[in-house]
Amino acid sequence: MTDQSKSFLTQLEAARTQDPAASAKAQMQLIGQWIAACPVEFFAELREKSPILPAPAFTLVTRFEDVRDVLTLNEIFTTDLLKQNMLKFIGNTVIELPPSPEYEQRKSILRLAFPMEDLGRYRQILLEESAALLASLKPETPFDLVGYAKKLPAAAIKRYLGLGELPVDKVVEWMHDINEGAVRNLANLPQLNQPAAAARAEVKPKIREILQRTKAKLPGGAPAPEPPFWERLFGTVQPQLKVEPPAEPNVLERYLMMQSVPTTYTADEDIVSSLLFMMSACVDLTATAIANVVIELMQRPEVLKDAIAAAHQDTDDEIAGYVWEALRFRQPSPGVINTCSQDYTLAQGTEFEQTVKAGTLVLACSISAMHDPSAIEAPTEFKLGRPRHLAYTFFESGLHTCHGKYFSMVQIPLAVKQLLRLGVPQAVDAFPISQGYPEQAFQIKIARS
Ligand code: HEM
(Lines give C-alpha, C1' and ligand atoms only; values in the text may rest on other atoms or scores of the structure.)
Protein backbone atom coordinates (compact mmCIF):
# COMPACT_ATOMS: atom_id res chain seq x y z
CA MET A 1 0.00 0.00 0.00
CA THR A 2 1.18 3.54 -0.73
CA ASP A 3 0.57 6.39 1.65
CA GLN A 4 1.23 9.65 -0.19
CA SER A 5 1.29 11.60 3.08
CA LYS A 6 4.40 9.72 4.27
CA SER A 7 7.92 9.91 2.90
CA PHE A 8 8.58 7.25 0.27
CA LEU A 9 11.87 6.33 1.93
CA THR A 10 10.15 5.89 5.29
CA GLN A 11 7.61 3.55 3.72
CA LEU A 12 10.41 1.63 2.02
CA GLU A 13 12.20 1.21 5.33
CA ALA A 14 8.95 0.09 6.98
CA ALA A 15 8.58 -2.66 4.36
CA ARG A 16 11.79 -4.29 5.67
CA THR A 17 11.18 -7.46 7.71
CA GLN A 18 13.25 -10.30 9.23
CA ASP A 19 12.90 -12.29 6.02
CA PRO A 20 15.31 -10.83 3.40
CA ALA A 21 13.46 -12.39 0.43
CA ALA A 22 10.08 -11.10 1.60
CA SER A 23 11.59 -7.65 2.31
CA ALA A 24 13.12 -7.47 -1.16
CA LYS A 25 9.83 -8.44 -2.77
CA ALA A 26 7.80 -5.92 -0.75
CA GLN A 27 10.28 -3.10 -1.40
CA MET A 28 10.45 -3.76 -5.14
CA GLN A 29 6.65 -3.88 -5.31
CA LEU A 30 6.46 -0.44 -3.71
CA ILE A 31 9.13 0.97 -6.02
CA GLY A 32 7.36 -0.46 -9.09
CA GLN A 33 4.05 0.98 -7.91
CA TRP A 34 5.52 4.46 -7.32
CA ILE A 35 7.34 4.51 -10.64
CA ALA A 36 4.06 3.64 -12.37
CA ALA A 37 1.75 5.94 -10.42
CA CYS A 38 3.71 8.92 -9.07
CA PRO A 39 7.25 8.98 -10.55
CA VAL A 40 7.66 12.76 -10.39
CA GLU A 41 7.02 12.89 -6.63
CA PHE A 42 8.93 9.68 -5.86
CA PHE A 43 12.05 10.74 -7.77
CA ALA A 44 11.93 14.26 -6.29
CA GLU A 45 12.38 12.73 -2.84
CA LEU A 46 15.16 10.40 -4.00
CA ARG A 47 17.07 13.22 -5.71
CA GLU A 48 17.01 15.18 -2.50
CA LYS A 49 17.63 12.49 0.12
CA SER A 50 19.04 9.39 -1.54
CA PRO A 51 19.94 10.09 -5.17
CA ILE A 52 21.72 6.77 -5.65
CA LEU A 53 19.44 4.24 -4.03
CA PRO A 54 20.60 0.60 -3.86
CA ALA A 55 17.21 -1.16 -4.02
CA PRO A 56 17.07 -4.98 -3.85
CA ALA A 57 16.76 -5.65 -7.61
CA PHE A 58 18.70 -2.66 -8.96
CA THR A 59 20.28 0.64 -7.98
CA LEU A 60 18.28 3.71 -8.89
CA VAL A 61 20.30 6.67 -10.19
CA THR A 62 18.26 9.85 -10.15
CA ARG A 63 20.34 13.05 -10.44
CA PHE A 64 20.91 14.61 -13.86
CA GLU A 65 24.70 14.34 -13.89
CA ASP A 66 24.81 10.77 -12.60
CA VAL A 67 22.14 9.68 -15.09
CA ARG A 68 24.17 11.26 -17.87
CA ASP A 69 27.28 9.37 -16.67
CA VAL A 70 25.49 6.02 -16.67
CA LEU A 71 23.95 6.61 -20.09
CA THR A 72 27.18 7.66 -21.75
CA LEU A 73 29.81 5.42 -20.11
CA ASN A 74 28.85 2.48 -22.29
CA GLU A 75 32.06 0.52 -21.61
CA ILE A 76 31.18 0.48 -17.89
CA PHE A 77 27.37 0.49 -17.90
CA THR A 78 26.49 -2.12 -20.51
CA THR A 79 23.36 -3.57 -22.12
CA ASP A 80 24.51 -7.12 -21.20
CA LEU A 81 21.32 -7.80 -19.31
CA LEU A 82 19.32 -7.63 -22.52
CA LYS A 83 21.47 -10.16 -24.31
CA GLN A 84 19.89 -13.39 -23.20
CA ASN A 85 16.26 -12.49 -23.80
CA MET A 86 16.85 -10.40 -26.92
CA LEU A 87 18.60 -13.39 -28.51
CA LYS A 88 15.85 -15.74 -27.34
CA PHE A 89 12.85 -13.73 -28.53
CA ILE A 90 14.19 -11.50 -31.30
CA GLY A 91 17.63 -12.65 -32.48
CA ASN A 92 20.76 -10.63 -33.27
CA THR A 93 20.20 -6.88 -33.03
CA VAL A 94 22.36 -3.90 -32.14
CA ILE A 95 21.15 -3.13 -28.68
CA GLU A 96 22.62 -6.08 -26.82
CA LEU A 97 26.14 -5.47 -28.16
CA PRO A 98 28.87 -3.61 -26.25
CA PRO A 99 30.98 -0.94 -27.99
CA SER A 100 32.79 -3.14 -30.55
CA PRO A 101 33.61 -3.51 -34.25
CA GLU A 102 30.64 -5.91 -34.51
CA TYR A 103 28.28 -3.24 -33.13
CA GLU A 104 29.62 -0.63 -35.57
CA GLN A 105 29.31 -3.04 -38.51
CA ARG A 106 25.65 -3.89 -37.77
CA LYS A 107 24.77 -0.30 -36.94
CA SER A 108 26.33 1.01 -40.17
CA ILE A 109 24.21 -1.36 -42.23
CA LEU A 110 21.11 -0.48 -40.20
CA ARG A 111 21.76 3.19 -40.94
CA LEU A 112 21.82 2.43 -44.66
CA ALA A 113 18.70 0.25 -44.54
CA PHE A 114 16.71 2.61 -42.28
CA PRO A 115 18.13 6.02 -43.25
CA MET A 116 17.12 9.46 -42.04
CA GLU A 117 16.47 10.59 -45.61
CA ASP A 118 13.22 8.57 -45.32
CA LEU A 119 11.73 10.91 -42.71
CA GLY A 120 9.53 12.63 -45.30
CA ARG A 121 8.32 9.30 -46.62
CA TYR A 122 7.55 8.07 -43.12
CA ARG A 123 5.62 11.28 -42.42
CA GLN A 124 3.49 10.67 -45.50
CA ILE A 125 2.77 7.09 -44.36
CA LEU A 126 1.73 8.47 -40.96
CA LEU A 127 -0.61 11.01 -42.55
CA GLU A 128 -2.30 8.27 -44.56
CA GLU A 129 -2.56 5.79 -41.69
CA SER A 130 -3.79 8.35 -39.17
CA ALA A 131 -6.43 9.57 -41.65
CA ALA A 132 -7.63 5.97 -42.09
CA LEU A 133 -7.78 5.37 -38.32
CA LEU A 134 -9.52 8.65 -37.55
CA ALA A 135 -11.96 8.51 -40.48
CA SER A 136 -14.65 6.71 -38.50
CA LEU A 137 -14.38 9.03 -35.49
CA LYS A 138 -17.56 11.03 -34.97
CA PRO A 139 -17.91 14.12 -32.76
CA GLU A 140 -19.29 13.48 -29.28
CA THR A 141 -18.99 9.70 -29.74
CA PRO A 142 -16.71 7.59 -27.52
CA PHE A 143 -13.45 6.59 -29.16
CA ASP A 144 -10.60 4.49 -27.74
CA LEU A 145 -7.51 6.68 -27.51
CA VAL A 146 -5.35 3.68 -26.64
CA GLY A 147 -6.50 1.77 -29.74
CA TYR A 148 -5.48 4.72 -31.92
CA ALA A 149 -2.16 5.12 -30.08
CA LYS A 150 -1.29 1.45 -30.61
CA LYS A 151 -2.52 0.96 -34.16
CA LEU A 152 -0.94 4.04 -35.71
CA PRO A 153 2.74 3.18 -35.05
CA ALA A 154 2.07 -0.50 -35.82
CA ALA A 155 0.44 0.32 -39.18
CA ALA A 156 3.11 2.86 -40.13
CA ILE A 157 6.25 0.94 -39.14
CA LYS A 158 5.21 -2.38 -40.69
CA ARG A 159 4.49 -0.63 -43.97
CA TYR A 160 7.75 1.33 -43.91
CA LEU A 161 9.80 -1.77 -43.11
CA GLY A 162 8.24 -3.73 -46.00
CA LEU A 163 5.99 -5.92 -43.82
CA GLY A 164 2.74 -4.17 -44.69
CA GLU A 165 0.76 -7.37 -45.10
CA LEU A 166 1.03 -8.35 -41.41
CA PRO A 167 -2.33 -7.72 -39.67
CA VAL A 168 -2.15 -4.56 -37.57
CA ASP A 169 -3.95 -5.94 -34.50
CA LYS A 170 -1.64 -8.94 -34.41
CA VAL A 171 1.42 -6.69 -34.77
CA VAL A 172 0.29 -4.70 -31.71
CA GLU A 173 -0.21 -7.92 -29.73
CA TRP A 174 2.96 -9.70 -30.87
CA MET A 175 5.21 -6.67 -30.35
CA HIS A 176 3.90 -6.10 -26.85
CA ASP A 177 4.42 -9.73 -25.86
CA ILE A 178 7.91 -9.79 -27.39
CA ASN A 179 8.88 -6.51 -25.76
CA GLU A 180 7.68 -7.71 -22.37
CA GLY A 181 9.73 -10.90 -22.64
CA ALA A 182 12.84 -9.44 -24.24
CA VAL A 183 13.20 -6.03 -22.59
CA ARG A 184 11.03 -5.80 -19.48
CA ASN A 185 11.72 -9.16 -17.96
CA LEU A 186 14.52 -8.57 -15.48
CA ALA A 187 13.53 -11.53 -13.35
CA ASN A 188 13.11 -13.84 -16.37
CA LEU A 189 9.55 -14.65 -15.31
CA PRO A 190 7.90 -17.60 -17.10
CA GLN A 191 4.60 -15.68 -17.33
CA LEU A 192 6.38 -13.12 -19.56
CA ASN A 193 8.60 -15.62 -21.37
CA GLN A 194 5.77 -17.85 -22.51
CA PRO A 195 3.72 -15.21 -24.46
CA ALA A 196 6.95 -13.79 -25.91
CA ALA A 197 7.99 -17.25 -27.17
CA ALA A 198 4.51 -17.82 -28.64
CA ALA A 199 4.55 -14.42 -30.41
CA ARG A 200 8.02 -15.09 -31.81
CA ALA A 201 6.92 -18.51 -33.08
CA GLU A 202 3.99 -16.90 -34.92
CA VAL A 203 5.60 -13.79 -36.35
CA LYS A 204 9.07 -14.96 -37.40
CA PRO A 205 7.92 -17.50 -40.04
CA LYS A 206 5.67 -14.81 -41.53
CA ILE A 207 8.58 -12.35 -41.82
CA ARG A 208 10.79 -15.09 -43.32
CA GLU A 209 8.15 -15.83 -45.91
CA ILE A 210 7.74 -12.14 -46.85
CA LEU A 211 11.53 -11.89 -47.08
CA GLN A 212 11.77 -14.79 -49.56
CA ARG A 213 8.97 -13.40 -51.74
CA THR A 214 10.50 -9.92 -51.69
CA LYS A 215 13.92 -11.32 -52.58
CA ALA A 216 12.50 -13.16 -55.60
CA LYS A 217 11.23 -9.86 -57.04
CA LEU A 218 14.56 -8.05 -56.77
CA PRO A 219 17.32 -8.03 -59.44
CA GLY A 220 19.15 -11.36 -59.25
CA GLY A 221 16.59 -12.63 -56.75
CA ALA A 222 14.94 -15.33 -58.88
CA PRO A 223 17.05 -17.61 -61.13
CA ALA A 224 16.26 -17.15 -64.84
CA PRO A 225 13.92 -19.95 -66.00
CA GLU A 226 15.41 -22.65 -68.26
CA PRO A 227 14.51 -21.73 -71.93
CA PRO A 228 12.13 -24.16 -73.67
CA PHE A 229 13.76 -27.05 -75.66
CA TRP A 230 12.80 -25.67 -79.15
CA GLU A 231 14.18 -22.21 -78.37
CA ARG A 232 17.46 -23.77 -77.30
CA LEU A 233 17.55 -26.07 -80.37
CA PHE A 234 17.02 -23.27 -82.89
CA GLY A 235 19.04 -20.70 -80.94
CA THR A 236 16.05 -18.37 -80.56
CA VAL A 237 16.29 -17.95 -76.78
CA GLN A 238 14.40 -14.76 -75.81
CA PRO A 239 16.45 -12.26 -73.79
CA GLN A 240 15.17 -12.02 -70.20
CA LEU A 241 13.48 -8.79 -69.21
CA LYS A 242 15.85 -6.91 -66.92
CA VAL A 243 14.47 -6.63 -63.37
CA GLU A 244 14.88 -3.05 -62.18
CA PRO A 245 15.57 -2.27 -58.50
CA PRO A 246 12.61 -0.61 -56.72
CA ALA A 247 12.55 3.17 -57.13
CA GLU A 248 11.58 3.64 -53.47
CA PRO A 249 12.97 0.62 -51.62
CA ASN A 250 11.66 -0.19 -48.15
CA VAL A 251 13.94 -1.32 -45.31
CA LEU A 252 13.65 -5.01 -46.17
CA GLU A 253 14.43 -4.36 -49.85
CA ARG A 254 17.45 -2.27 -48.92
CA TYR A 255 18.81 -5.01 -46.63
CA LEU A 256 18.32 -7.57 -49.41
CA MET A 257 19.95 -5.45 -52.10
CA MET A 258 22.92 -4.88 -49.81
CA GLN A 259 23.46 -8.67 -49.70
CA SER A 260 25.14 -8.43 -53.13
CA VAL A 261 28.11 -6.57 -51.61
CA PRO A 262 30.24 -8.49 -49.08
CA THR A 263 30.82 -5.43 -46.87
CA THR A 264 27.10 -4.80 -46.40
CA TYR A 265 25.93 -8.44 -46.46
CA THR A 266 23.49 -9.46 -43.70
CA ALA A 267 22.26 -13.07 -43.50
CA ASP A 268 18.50 -13.56 -44.09
CA GLU A 269 17.87 -14.62 -40.49
CA ASP A 270 19.62 -11.53 -39.12
CA ILE A 271 17.51 -9.33 -41.42
CA VAL A 272 14.39 -10.99 -39.98
CA SER A 273 15.65 -10.25 -36.44
CA SER A 274 16.49 -6.66 -37.27
CA LEU A 275 13.04 -5.98 -38.74
CA LEU A 276 11.39 -7.64 -35.77
CA PHE A 277 13.44 -5.52 -33.39
CA MET A 278 12.55 -2.28 -35.22
CA MET A 279 8.87 -3.13 -34.98
CA SER A 280 9.03 -4.07 -31.33
CA ALA A 281 11.13 -1.01 -30.42
CA CYS A 282 8.64 1.23 -32.20
CA VAL A 283 5.18 -0.05 -31.34
CA ASP A 284 5.02 -0.26 -27.53
CA LEU A 285 6.97 2.86 -26.65
CA THR A 286 5.31 5.01 -29.28
CA ALA A 287 1.82 3.79 -28.32
CA THR A 288 2.51 4.63 -24.68
CA ALA A 289 3.95 8.01 -25.61
CA ILE A 290 0.96 9.04 -27.75
CA ALA A 291 -1.59 8.01 -25.11
CA ASN A 292 0.44 9.64 -22.32
CA VAL A 293 0.80 12.97 -24.12
CA VAL A 294 -2.93 13.26 -24.83
CA ILE A 295 -3.74 12.34 -21.22
CA GLU A 296 -1.33 14.94 -19.80
CA LEU A 297 -2.70 17.63 -22.11
CA MET A 298 -6.31 16.77 -21.22
CA GLN A 299 -5.48 17.15 -17.55
CA ARG A 300 -4.39 20.76 -18.22
CA PRO A 301 -7.38 22.37 -20.02
CA GLU A 302 -5.65 25.74 -20.58
CA VAL A 303 -2.58 24.10 -22.08
CA LEU A 304 -4.81 21.84 -24.15
CA LYS A 305 -6.53 24.87 -25.68
CA ASP A 306 -3.16 26.29 -26.77
CA ALA A 307 -1.99 22.90 -28.02
CA ILE A 308 -5.10 22.63 -30.20
CA ALA A 309 -4.34 26.06 -31.65
CA ALA A 310 -0.77 24.87 -32.33
CA ALA A 311 -2.13 21.72 -34.00
CA HIS A 312 -3.85 23.92 -36.56
CA GLN A 313 -0.55 25.51 -37.63
CA ASP A 314 1.07 24.34 -40.85
CA THR A 315 4.37 23.09 -39.42
CA ASP A 316 4.79 20.36 -36.80
CA ASP A 317 7.19 22.46 -34.68
CA GLU A 318 4.46 24.26 -32.73
CA ILE A 319 2.74 21.09 -31.55
CA ALA A 320 6.07 19.35 -30.86
CA GLY A 321 6.81 21.80 -28.00
CA TYR A 322 3.60 20.73 -26.22
CA VAL A 323 4.20 17.06 -26.92
CA TRP A 324 7.71 16.86 -25.42
CA GLU A 325 6.77 18.92 -22.39
CA ALA A 326 3.70 16.73 -21.76
CA LEU A 327 5.82 13.59 -22.15
CA ARG A 328 8.29 14.89 -19.57
CA PHE A 329 5.52 14.42 -16.99
CA ARG A 330 4.43 11.01 -18.20
CA GLN A 331 7.20 9.08 -19.92
CA PRO A 332 6.79 5.80 -21.76
CA SER A 333 9.51 4.30 -19.59
CA PRO A 334 11.26 5.56 -16.45
CA GLY A 335 14.74 5.10 -17.88
CA VAL A 336 17.30 2.63 -19.11
CA ILE A 337 18.53 -0.38 -17.20
CA ASN A 338 22.21 -1.28 -17.48
CA THR A 339 24.68 -3.70 -15.93
CA CYS A 340 27.68 -2.19 -14.17
CA SER A 341 30.65 -4.13 -15.57
CA GLN A 342 33.33 -2.84 -13.16
CA ASP A 343 33.27 -1.00 -9.82
CA TYR A 344 32.49 2.62 -10.55
CA THR A 345 32.09 5.63 -8.27
CA LEU A 346 29.17 7.89 -9.13
CA ALA A 347 28.60 11.42 -7.80
CA GLN A 348 32.34 11.72 -7.10
CA GLY A 349 33.29 14.49 -4.69
CA THR A 350 29.71 15.07 -3.51
CA GLU A 351 28.08 14.09 -0.21
CA PHE A 352 26.27 11.31 -2.06
CA GLU A 353 29.38 9.72 -3.66
CA GLN A 354 28.83 5.99 -3.97
CA THR A 355 30.67 3.08 -5.54
CA VAL A 356 28.48 0.83 -7.61
CA LYS A 357 29.89 -2.69 -7.58
CA ALA A 358 30.54 -4.71 -10.72
CA GLY A 359 27.53 -6.88 -11.55
CA THR A 360 24.97 -4.45 -10.10
CA LEU A 361 21.97 -3.58 -12.25
CA VAL A 362 21.52 0.17 -12.52
CA LEU A 363 18.34 1.99 -13.53
CA ALA A 364 19.35 5.35 -15.01
CA CYS A 365 16.13 7.22 -14.28
CA SER A 366 15.92 9.66 -17.17
CA ILE A 367 12.46 10.75 -16.03
CA SER A 368 14.10 11.95 -12.84
CA ALA A 369 16.98 13.69 -14.66
CA MET A 370 14.41 15.62 -16.72
CA HIS A 371 12.98 17.02 -13.47
CA ASP A 372 16.27 17.75 -11.71
CA PRO A 373 16.27 21.43 -10.66
CA SER A 374 20.10 21.51 -10.93
CA ALA A 375 19.72 21.18 -14.73
CA ILE A 376 16.09 22.08 -15.48
CA GLU A 377 14.59 25.44 -14.61
CA ALA A 378 11.29 25.29 -12.67
CA PRO A 379 10.91 21.57 -13.43
CA THR A 380 7.41 21.24 -11.96
CA GLU A 381 5.99 23.87 -14.33
CA PHE A 382 4.60 23.08 -17.77
CA LYS A 383 6.80 25.37 -19.87
CA LEU A 384 7.53 25.47 -23.57
CA GLY A 385 10.90 26.18 -25.16
CA ARG A 386 13.09 24.17 -22.79
CA PRO A 387 16.57 23.14 -24.04
CA ARG A 388 16.03 19.78 -25.67
CA HIS A 389 19.39 18.26 -24.70
CA LEU A 390 18.59 18.80 -21.01
CA ALA A 391 14.83 18.51 -20.70
CA TYR A 392 13.83 15.94 -23.31
CA THR A 393 16.29 13.07 -23.17
CA PHE A 394 13.72 10.31 -23.78
CA PHE A 395 15.78 8.72 -26.56
CA GLU A 396 19.31 9.12 -25.16
CA SER A 397 21.53 6.23 -24.19
CA GLY A 398 25.05 7.10 -25.37
CA LEU A 399 26.17 4.58 -27.97
CA HIS A 400 22.74 2.95 -27.88
CA THR A 401 20.81 6.17 -28.41
CA CYS A 402 17.54 5.29 -30.09
CA HIS A 403 17.88 4.76 -33.84
CA GLY A 404 14.19 5.72 -34.15
CA LYS A 405 14.75 9.06 -32.36
CA TYR A 406 14.15 11.33 -35.35
CA PHE A 407 11.34 9.12 -36.67
CA SER A 408 9.71 9.33 -33.23
CA MET A 409 10.17 13.10 -33.24
CA VAL A 410 7.95 13.11 -36.33
CA GLN A 411 5.66 10.27 -35.36
CA ILE A 412 4.54 11.19 -31.84
CA PRO A 413 3.77 14.90 -32.51
CA LEU A 414 2.02 14.04 -35.78
CA ALA A 415 -0.18 11.41 -34.10
CA VAL A 416 -1.23 13.95 -31.46
CA LYS A 417 -1.63 16.77 -33.96
CA GLN A 418 -4.00 14.84 -36.25
CA LEU A 419 -6.21 14.00 -33.28
CA LEU A 420 -6.27 17.54 -31.86
CA ARG A 421 -7.14 18.96 -35.26
CA LEU A 422 -10.52 17.24 -34.96
CA GLY A 423 -11.60 19.09 -31.82
CA VAL A 424 -11.25 19.04 -28.04
CA PRO A 425 -10.61 15.58 -26.55
CA GLN A 426 -12.62 14.95 -23.39
CA ALA A 427 -12.33 11.97 -21.07
CA VAL A 428 -15.26 9.54 -21.08
CA ASP A 429 -13.52 7.00 -18.82
CA ALA A 430 -11.74 7.98 -15.62
CA PHE A 431 -8.14 9.06 -16.26
CA PRO A 432 -5.69 6.15 -15.87
CA ILE A 433 -3.51 6.44 -12.79
CA SER A 434 -0.68 4.27 -13.99
CA GLN A 435 1.81 5.71 -16.48
CA GLY A 436 2.99 2.45 -18.04
CA TYR A 437 1.89 0.59 -21.16
CA PRO A 438 -1.87 1.16 -21.49
CA GLU A 439 -3.29 -2.36 -21.17
CA GLN A 440 -6.88 -1.06 -20.95
CA ALA A 441 -8.89 0.95 -23.44
CA PHE A 442 -9.34 4.63 -22.54
CA GLN A 443 -12.47 6.13 -24.07
CA ILE A 444 -12.48 9.78 -24.97
CA LYS A 445 -14.82 11.84 -27.11
CA ILE A 446 -14.05 14.74 -29.36
CA ALA A 447 -16.06 17.86 -28.67
CA ARG A 448 -16.09 20.33 -31.55
CA SER A 449 -13.60 23.13 -30.84
C1 HEM B 1 10.16 4.39 -34.90
C2 HEM B 1 10.21 4.05 -33.61
C3 HEM B 1 11.43 3.49 -32.95
C4 HEM B 1 12.44 2.71 -33.48
C5 HEM B 1 12.54 2.14 -34.87
C6 HEM B 1 13.41 2.52 -32.42
C7 HEM B 1 14.60 1.81 -32.57
C8 HEM B 1 15.57 1.72 -31.61
C9 HEM B 1 16.83 1.02 -31.78
C10 HEM B 1 17.27 0.30 -33.04
C11 HEM B 1 17.51 1.12 -30.63
C12 HEM B 1 18.89 0.52 -30.33
C13 HEM B 1 19.96 1.49 -30.78
C14 HEM B 1 21.35 0.94 -30.58
O15 HEM B 1 21.53 -0.03 -29.85
O16 HEM B 1 22.28 1.49 -31.16
C17 HEM B 1 16.70 1.91 -29.72
C18 HEM B 1 17.09 2.23 -28.45
C19 HEM B 1 16.33 3.01 -27.63
N20 HEM B 1 15.11 3.57 -27.90
FE21 HEM B 1 14.08 3.45 -29.61
N22 HEM B 1 12.98 3.15 -31.28
C23 HEM B 1 11.78 3.75 -31.56
C24 HEM B 1 10.99 4.47 -30.69
C25 HEM B 1 11.36 4.84 -29.43
C26 HEM B 1 10.57 5.64 -28.53
C27 HEM B 1 9.17 6.18 -28.84
C28 HEM B 1 11.30 5.81 -27.39
C29 HEM B 1 10.97 6.58 -26.14
C30 HEM B 1 10.17 7.61 -26.09
C31 HEM B 1 12.55 5.09 -27.57
C32 HEM B 1 13.56 5.02 -26.64
C33 HEM B 1 14.72 4.31 -26.80
C34 HEM B 1 15.76 4.22 -25.78
C35 HEM B 1 15.74 4.88 -24.40
C36 HEM B 1 16.76 3.40 -26.29
C37 HEM B 1 18.05 2.96 -25.58
C38 HEM B 1 17.79 1.67 -24.86
C39 HEM B 1 19.01 1.12 -24.15
O40 HEM B 1 20.11 1.65 -24.25
O41 HEM B 1 18.83 0.10 -23.47
N42 HEM B 1 12.54 4.51 -28.81
N43 HEM B 1 15.53 2.26 -30.34
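Trainee: Let's start in the sheet. Which residue in S2 does Ile52 stand opposite?
Mentor: Ile52 stands opposite Val61 in S2. Keep in mind that this is a predicted model: local features need pLDDT of at least 70, side-chain atom pairs count only at pLDDT 80 or more, and totals for chains, interfaces and linings use all residues. Residues are numbered from 1 along each chain as its sequence is written.

Trainee: How many bridges join S1 to S2?
Mentor: There are 3 bridges, and the two strands run antiparallel. S2 covers residues 59-61. Strands here are DSSP E runs of at least two residues, helices are H or I runs of at least four, and both are numbered from the N terminus. Two strands pair if DSSP finds at least two bridges between them.

Trainee: And what's the strand order of the open sheet?
Mentor: S1-S2-S8-S5-S3, so 5 strands with mixed pairing. The edge strands are S1 (52-54) and S3 (77-78), each pairing on one side only.

Trainee: Which helix lies across those strands?
Mentor: H4, residues 64-72. H4 lies across S1, S2, S3, S5 (336-340) and S8 (361-364), and runs at about 120 degrees to S8. Axes are lines fitted to C-alpha atoms, for helices over the stretch in contact, and angles run from 0 to 180 degrees between N-to-C directions. Contact is C-beta atoms, placed from the backbone, within 7 Å.

Trainee: New topic. What are the domain bounds?
Mentor: Domain 1 is 1-37, and domain 2 is 39-221 + 246-447. Those bounds come from an automatic or database domain assignment. The C-alpha centres of the two domains lie 28 Å apart.

Trainee: How many residues are in contact between them?
Mentor: 11 residues of domain 1 are in contact with 13 of domain 2. On the domain 1 side, H1 (8-14) and H2 (20-37) each supply at least two residues. H2 gives the most, with 8 residues. That side divides into 9 nonpolar, 2 polar and no charged residues. Nonpolar means Ala, Val, Leu, Ile, Met, Phe, Trp, Tyr, Cys and Pro; charged means Asp, Glu, Lys and Arg; the others, Gly among them, are polar.

Trainee: Is H15 mostly covered or exposed?
Mentor: H15 (317-329) is mostly covered, with 10 of its 13 residues buried. Buried means 20 or more other C-beta atoms, placed from the backbone, within 10 Å of the residue's own; exposed means 12 or fewer; partly exposed is in between. Trp324, Glu325 and Arg328 are among the buried ones.

Trainee: What do they pack against?
Mentor: H3 (39-49), H13, H14 (301-311), H17 (388-391) and H18.

Trainee: Last one: where is Asn188 found?
Mentor: In the loop between H9 (168-182) and H10 (190-217). Asn188 has a positive phi of about 55 degrees although it is not a glycine. Asn188 is exposed, with 11 other C-beta atoms within 10 Å.

Note on methods. Contact = placed C-beta atoms within 7 Å.
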